[in-house]
Amino acid sequence: MKLAWAIAVSGGGKTMNAITEIILEDADLFRQQALLGGDWLGAKSKTVVDVINPAKLGVLGTVPNMGRDETRAAIEAAAEAFKSWKKKTHADRAALLERWHDLIRQHERDLALLLTLEQGKPLAEALGEIRYGASFVKWFAEEARRIGGSTIPSPTSDRRILVLKEAVGVCAIITPWNFPNAMITRKVAPALAAGCTVVIKPSEFTPFSALALGVLAERAGIPAGVINIVTGMPADIGKELMANETVRKISFTGSTRVGALLMKGAADSIKRLSLELGGNAPFIVFDDANIDLAIDGAIASKFRNGGQTCVCSNRILLQTGIYDAFAAKLASRVAQMKVGAGTEEGVAIGPMINGAAIEKIERHVADALEKGAKIIAQSDLVPNGRQYARPIVLGDATTEMLLASEETFGPVAPLFRFEAEEEAIAIANGTPFGLAAYFYTENLKRSWRVAEALEFGMIGLNTGMVSTEVAPFGGVKQSGLGREGSQLGIEEYLETKALHVGGL
Ligand code: NAD
C-alpha cells in the first residue's frame, strides 16, 4: 500500500501544504506506535510526541510518549526473549540478520525517504546512510559465526581451562538524531549476533526510522521481544534504563553531556558501557599536501549532513604556504552549495535539525566575527526559512573562538593558520575530545610522525572518510569508550567466562 504525505505547516492540525510527491511504496513502514514484546502499542498516558519535518516545520506524525512503566515492560520482554535467543545457534542468528539486511536493502528507498522527512538530510545522503546502516547488519551476521573462545594450557596435568564467550544480556541502545538508521544498526546488529536482546530508545526527533527497522526485523522473523523500541521524551525512559538491574549494558551515541549522565546512572548497578560521544575534529593541511585531494576531503568531512556529524571537521588548520590557495578553492565550492529541503533535486545541505541548532551556529559565527574572523565565502543559494543555515567559510580563525572549543554542528568552515608541524599538532590535540582527525601531506616521514602524535581514535590520512563497517569506530578522551564496527564491535556485547575443569 502506498502512503502519500501531507504535512501541516501551520498549527491547529490544518494541512496547509500537501507534499504530494513524497510517496512511500510500503505504507506499513510508517509506524506511530512503539514496539514492546512484539506488540505495537501507544503510551499508557495516551500522550504523544510530535515529530517535526525540519524542512517545512510541519508535523510529520506522532509517537507515544512513554515513561518508566513502558520501559520496564520492554526490559522484561527483552529478558524473556533473551532466554531462547541466546540459545539459538550462531548460524540461526546469522540467518535472521541476513534476512533483516536483505529487507533493509529491498526497502532502501522508503527508508531513505522517511529518514529525510524526519531528519532533513538530502535524499542521496539518506540512501547512503541506509546502505551504510545495512552494512553493519551484514557484517555482524558474518561475525556471528566467528564468535569463539580459547583453551589455555593448564598449570597442572589434571585440569583443563577454557575461555567461553557468552552474551552480555539485555542491552539498552540509546541513539541520536543525526544518523537515525545507522547508529541503531551499528549497535543492534552486534548485540543480536552475540545473543543479546535490546531495548532501543531512539531520538525523540527521529523515531520513525527506528520503528521502520522494527517492522522489517519482525518481517525477517526475528522473534518478539528480541528488539523492543520505546519512544518518548528521554528523562523517564533513561532513568529506568539506568536503574533497572536487568539491563546489563548501555550502548549510547550522543553528546558528551548525556554520556556522562548515563555513566553516573549506570554506576549503581555496575553496567557495562559503550559511549560514542562528541568530537572536535581537526583537519590539517600541510604545505606539501595534494590540494585538490584535500579540498574534496574537506567538503566531504565538513559538509556531510550539513556539518551535523560527530566526525565532521570542526577546525581546518592550514599551513601558511597553502592557506591562500586552499581558502580560494574551498570558497568557490562552498559558494555553489545549494541549501533546501532534502527531497529537492540538487540540494547539498538540508535543514538543521531544530531551532537550537540554528542558534548555536549563529552564536559561533557571531562570536568568531567579533573576535576577528573574516567571511571568505558563503552560499546565497539558501531559501527563506527558520531552519536553514548558510554554508560559510571563515578566515583568520583563532583558538580563542567558541568554534575552536565546541562542536559547531553546522556548515561553518573556520580556517586557522599555522607555521610549524608541532604547532598544528598542539592545536589539534588541544581539546578534551578525541574522536576523528584528518591530515593531508605527501611526505612519508611526516605521515607517520603526525599519525602517531594525534590523540584521536580515528585518523584520516589523505582522506576525509573514516566510517566503514570493517574498521573500528570510536574515540579517546571525552569522546567515549569502546569501539563499534570491525571485529571489535561484537566484543562489546560478549562476556568472558573462564571454565576450569579439574579431576581429570
Ligand atoms: P543527545 O545526547 O542530546 O541525545 C542522544 C540520545 O540520548 C537521544 O536519544 C536522547 O533522547 C537521549 N537522551 C537525552 N537525555 C537523556 C537522558 N537523560 N537519559 C537517557 N537518554 C537521554 O545528542 P544528540 O543531540 O541527539 O546527538 C548529537 C551528539 O551526538 C553530538 O554531540 C555528536 O557528536 C554525537 N554523536 C556521536 C557519534 C559517535 O559515534 N561518537 C555519532 C553521532 C553523534
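Student: Which residue does UniProt list for "active site"?
Tutor: The unreviewed UniProt entry lists Glu276. An annotation of this sort may be inferred rather than shown by experiment. The model itself is predicted.

Student: Where is Glu276 found?
Tutor: Glu276 is found in strand β13, residues 272-276.

Student: Why does Glu276 count as buried?
Tutor: The cut-off for buried is 20 or more other C-beta atoms within 10 Å. Glu276 has 27 C-beta neighbours inside 10 Å, so Glu276 counts as buried.

Student: Which residues is Glu276 in contact with, leaving aside neighbours within four places in sequence?
Tutor: They are Thr253, Gly474, Gly480 and Glu484. A contact here requires C-beta atoms within 7 Å.

Student: How do you know that Thr253 counts as buried?
Tutor: Thr253 has 26 C-beta neighbours inside 10 Å, and the cut-off is 20 or more. Thr253 therefore counts as buried. Thr253 belongs to strand β12, residues 247-253. With neighbours within four places in sequence left aside, Thr253 is in contact with Thr175, Pro176, Met183 and Glu276.

Student: What separates the C-alpha atoms of Thr253 and Ser467?
Tutor: The separation is 15 Å, for two residues 214 residues apart along the chain.

Student: Which residues are the closest to the ligand?
Tutor: The closest are Pro176, Gly238, Gly254, Glu276 and Cys310, and 27 residues surround the ligand. The largest share, 3 residues, comes from α7.

Student: What makes Ile270 count as exposed?
Tutor: Ile270 has 9, so Ile270 counts as exposed. Ile270 sits in the loop between α8 and β13. Its phi is near 45°, a positive value in a residue other than glycine.

Student: And why is Asn462 called partly exposed?
Tutor: The label covers counts between the exposed limit, 12 or fewer, and the buried limit, 20 or more. Asn462 has 15 C-beta neighbours inside 10 Å, so Asn462 counts as partly exposed. Asn462 lies in the loop between β21 (458-461) and β22 (476-477). Phi of Asn462 is near 60°, again a positive value in a residue other than glycine.

Student: How many residues does the largest nonpolar core have?
Tutor: That core has 85 residues, and those with the most contacts inside it are Leu97, Phe140, Ala193, Val198 and Val199. Helix α4 (residues 123-144) gives the largest share of this core, 10 residues. A second, separate core of 68 residues includes Trp177, Ala298, Ile361 and Ala413.

Student: Which residues is Val198 in contact with, leaving aside its neighbours within four places in sequence?
Tutor: The partners of Val198 are Ala78, Cys171, Ile173, Val188, Ala191, Ile227 and Asn228.

Student: What makes β7 and β24 edge strands?
Tutor: β7 (150-152) and β24 (494-501) each pair on one side only. Their open sheet has 3 strands in the order β7-β8-β24, with antiparallel pairing. The twist averages 25° from one strand to the next.

Student: How many bridges join β7 and strand β8?
Tutor: β7 and strand β8 (residues 160-167) pair over 3 bridges in the antiparallel sense. DSSP must find at least two bridges for strands to pair. Ser150, for instance, has Val163 in β8 as its bridge partner.

Student: What is the strand order in the open sheet of 7 strands?
Tutor: The order is β16-β17-β18-β15-β14-β20-β21, with mixed pairing. Its edge strands are β16 (374-378) and β21, since each pairs on one side only. The average twist from one strand to the next is 20°.

Student: In what sense do β17 and β18 pair?
Tutor: Strand β17 (residues 392-397) and strand β18 (residues 412-418) pair in the parallel sense over 4 bridges. Ala397 stands opposite Phe416 in β18. Helix α11 (residues 355-370) packs on the sheet and touches β17 and β18; the direction of α11 makes about 35° with that of β18.

Technical notes: Residues are numbered from 1 along each chain as its sequence is written. This is a predicted model: local features need pLDDT of at least 70, side-chain atom pairs count only at pLDDT 80 or more; totals for chains, interfaces and linings use all residues. Helices (H or I, at least four residues) and strands (E, at least two) are DSSP runs, numbered from the N terminus. Two residues are in contact if their C-beta atoms, placed from the backbone, lie within 7 Å. A nonpolar core is a set of buried Ala, Val, Leu, Ile, Met, Phe, Trp, Tyr and Cys residues joined through C-beta atoms within 7 Å. Axes are lines fitted to C-alpha atoms, for helices over the stretch in contact, and angles run from 0 to 180 degrees between N-to-C directions. A residue is near a molecule or strand if its C-beta atom, placed from the backbone, lies within 6 Å of it.
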